[in-house]
There are 2 protein chains.
Amino acid sequence: MGSPQKGKQSVAFDKGVYIRESASIVGTKEGEGPLGALFDMVASDDMMGCDNWEAAESTLQKEALSLALGKAGLTHKDIRYLLAGDLLAQTVASSYGLMDFETPILGMYGACSTCGEALGIGSMLIAGGYADTLACVTSSHFASAEKEFRFPLSYGSQRPKCSTWTVTGSGAYVLSASSTSGARARITGITSGRIVDYGIKDSFNMGCCMAPAASDTIAQNLQDFGRKPSDYDKIFTGDLGTVGQQALIDLLNAKGIEIAAQHDDCGMRMYDSIRQKTEAGGSGCGCSAAVLSAYILPRIESGEWKRVLFVPTGALLSKTSFNEGQTVPGIAHAVVIEKV
Amino acid sequence: MGSPQKGKQSVAFDKGVYIRESASIVGTKEGEGPLGALFDMVASDDMMGCDNWEAAESTLQKEALSLALGKAGLTHKDIRYLLAGDLLAQTVASSYGLMDFETPILGMYGACSTCGEALGIGSMLIAGGYADTLACVTSSHFASAEKEFRFPLSYGSQRPKCSTWTVTGSGAYVLSASSTSGARARITGITSGRIVDYGIKDSFNMGCCMAPAASDTIAQNLQDFGRKPSDYDKIFTGDLGTVGQQALIDLLNAKGIEIAAQHDDCGMRMYDSIRQKTEAGGSGCGCSAAVLSAYILPRIESGEWKRVLFVPTGALLSKTSFNEGQTVPGIAHAVVIEKV
C-alpha cells in the first residue's frame, strides 16, 4: 500500500470511504426556497419546540443525526465516533445536541468549513481502520448566529447587498468503510485548507473574506491530484454567495485556472435571493451540510455528476476579534466525492 | 496488520507514533508556581506585548509552536497538519496565532480536553500514514478566559473554594512517524471520550462537572486495554483540581477501581494554591498542555515513569449556555504515553 499522502495538502483514498447515508433538516425559510422539497425535513417552527435558539440548533443536529442513522438502519451503538461542530461559542449546539448519543465525540471548529473538515478527518479515520462506521454532523441557525456574531434580531438592522443569510439547518453523514450495506457516494480524496488572510475587515462581506481561501484550496487540490477543473463535473463551494463567487473566479483566473463552467455554490442554491431578500446567498455550517445531502448527493447517485469537488468555506472571526479590529481570515477544506 | 481498534472507544498504535519534540510557555503567575523553572519560557508580561488578551493568547500559541519546531530542527514547511484549539469563542486564539505558519489547520474544540483530542487525532493521522510530521497546539489565558466565561476582571469578583484558575500558557507537540531524529516519548494508544452530564450547573465547580467524564474515560481505557490502574505509573487528569480529584476517586471507587495511588492532576501541580490563592488548582487548555511538556514528558524520558495515562478534561459550557440555565457536561480524552 503506497502512502495516502498526495502532493502538499491532499490525501487520496485507495480504500473505500463511503457516504453510507445522510440526512438534512432545515428551517422554515430554507423550506420555502428553491430546494425546499428536497430536504428530509423542514421545521414548521424555527424554535424546534425549544425555549431558545441555541437549544433549537442542538435539536437540528440531534434530528439530522437520528434521521441519517435511521435511514442507514443503524443506531448510535453502531457508530464509533461523532465528528461535530457549529458556529456557536464553544460549539454548544453540538455538545448539547449530541451528548445523548453516548458516542465518543471529536469536536471540530472550522467556522462554515466545518462540514468539510469533519468529512475530511472522518474519511482519514475510516480509511485508517480506526472506525468501521462514524458520523459527521454540523449545523447553523440564523437566529443563534446573528446573536453570536452580529446584532440582536429585534434591532431590525439593515443588511448590505454583499451579506449572506445564515442557514437554519443541519446535515448529518454516516461514513463507512464498506459499501455492502449500500452507499450514496464515495469519498476518494481530500485537500485540507490553510488559513488565508487578505486583510478584509468587513464581516458582512463573508464571501470576499473566504474567496481567497477557497481559491487556495481549489488550486492546491488541482495541483495535488494533477487535475484540471473539467475533471470535476461540479466544484461546489460552501457559502461564498454571488459576491464571493465572482471574487473566487477572478482569483483563480489570475492563477490561470478557469472554473466558471464548473463552479456552483451551496449558498447560492439555498434561497431565491430576490424573493426571499437574502442578498448574496446562504451561509453557515448548516448550509453546505444540508445542500450536499439534499441536492448534490442525489445527482452523484443518479450519475448526472460523476465527480464533484465539495469545498465548504469558513470565515474565522468572532464577535471579539471583530470588535478588536482584526481582519477576517478564511479557510476552506475540500472533499472529492464520486459516484460509487 | 490487525485492526487498530481496541475495545469500545480506544485505539492501539502498533506502529510508531512519537512525540518528537514539545514546548511549553506560560504566564507570570505560572512562572511563580512550583513548576516555574521547568517551562521553556515564562512571559515577563501576560499581555505578551500585545494590545489585548486575545492577541496575547494567540502569541502564546505562536511562540510555543515556534519553540517546539525549533527544538526539533524543523520549520513550518516540515509539518503537514496543525491540530489546534483554545477556549475562546470560534477558537480565535488558534486562528490568529497559527495562520502565519501557512500549514493546513484542523481546528479542534473539546474545551480543556482539547490537548487530548488533538494528540489523539494527530496520532491516528500519523499512524494512518496521512502525515510524517504534524503539530498539536492548545492554549488558554486567564484574562481572556475570564472575559469569555465569567466576569470582567475589574469587578474583582470573589471566587469560591472549588473554583480553578485558568492557566495562561500553551503547549505545542510535534508528532512524528519515526524516532530516527529523536523522540521524547511514544504514544501507544488513545481512548476518545463521550460527553457525560451529571446535571451539575455550578460553572465555578468545574472539577465536579468534569470528574464524571474523566471517570468514564479512565474506566473505559482500563477495560479496552485490559489493564488495571497499576499498569500505569501515573494517571494524570487535566484540570480537575482538588475538589474534582476527590470526586473522580470516589466515582471510580464506586465502579471498583482504585486509582488514588496513581492519580495526579496537572491543575494541582501548576500552582501553590495557598500562597498563590488559586483555590482548587489550575485549569484551561494550556494547563495540561504545558504540564505534559514541562513536567510529565521529562519523567517519561528519564525512565522514572514508563507508562502514563494522560487525560485532559473539558467542561462543555458557554456563557450563553450558562445564562440559559443549562447543565455543564464534561468530556475527557485519554492518551497513553510511554518511554521510547
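Reply: Domain bounds here come from an automatic or database domain assignment. On that basis chain A is divided into domain 1, covering 18–176, and domain 2, covering 186–338. The model is predicted, with local features needing pLDDT of at least 70 and side-chain atom pairs counting only at pLDDT 80 or more, while totals for chains, interfaces and linings use all residues. Residues are numbered from 1 along each chain as its sequence is written, and chains are lettered from A and ligands numbered from 1 in the order in which they are written.

Taken over C-alpha atoms, the centres of domain 1 and domain 2 of chain A are separated by 18 Å. Across this boundary, 48 residues of domain 1 of chain A are in contact with 51 residues of domain 2 of chain A, contact meaning that the C-beta atoms of two residues, placed from the backbone, lie within 7 Å. Among the elements that give two or more residues to the domain 1 side are β3 (18–26), α4 (114–127), β7 (133–140) and β9 (169–176) of chain A; helices (H or I, at least four residues) and strands (E, at least two) are DSSP runs, numbered from the N terminus. α4(A) gives the most to that side, with 7 residues. By class, the domain 1 side has 20 nonpolar, 20 polar and 8 charged residues, where Ala, Val, Leu, Ile, Met, Phe, Trp, Tyr, Cys and Pro count as nonpolar, Asp, Glu, Lys and Arg as charged, and the others, Gly among them, as polar.

The contact between the chains takes 49 residues from chain A and 49 residues from chain B. On the side of chain A that touches chain B, α3 (92–98), β6 (105–107), α4 and α11 (319–323) of chain A each supply at least two residues, and α4(A) again gives the most, here with 4 residues. That side of chain A comprises 23 nonpolar, 19 polar and 7 charged residues. Because 100% of the interface residues of chain A are also interface residues in chain B, the copies meet through the same surface.

As for how the copies are related, a rotation of 180° with 0.0 Å of shift along its axis superposes chain A on chain B, with an RMSD of 0.0 Å, the superposition being by least squares on the C-alpha atoms of residues with pLDDT of at least 70 in both. That is the relation of a two-fold axis.
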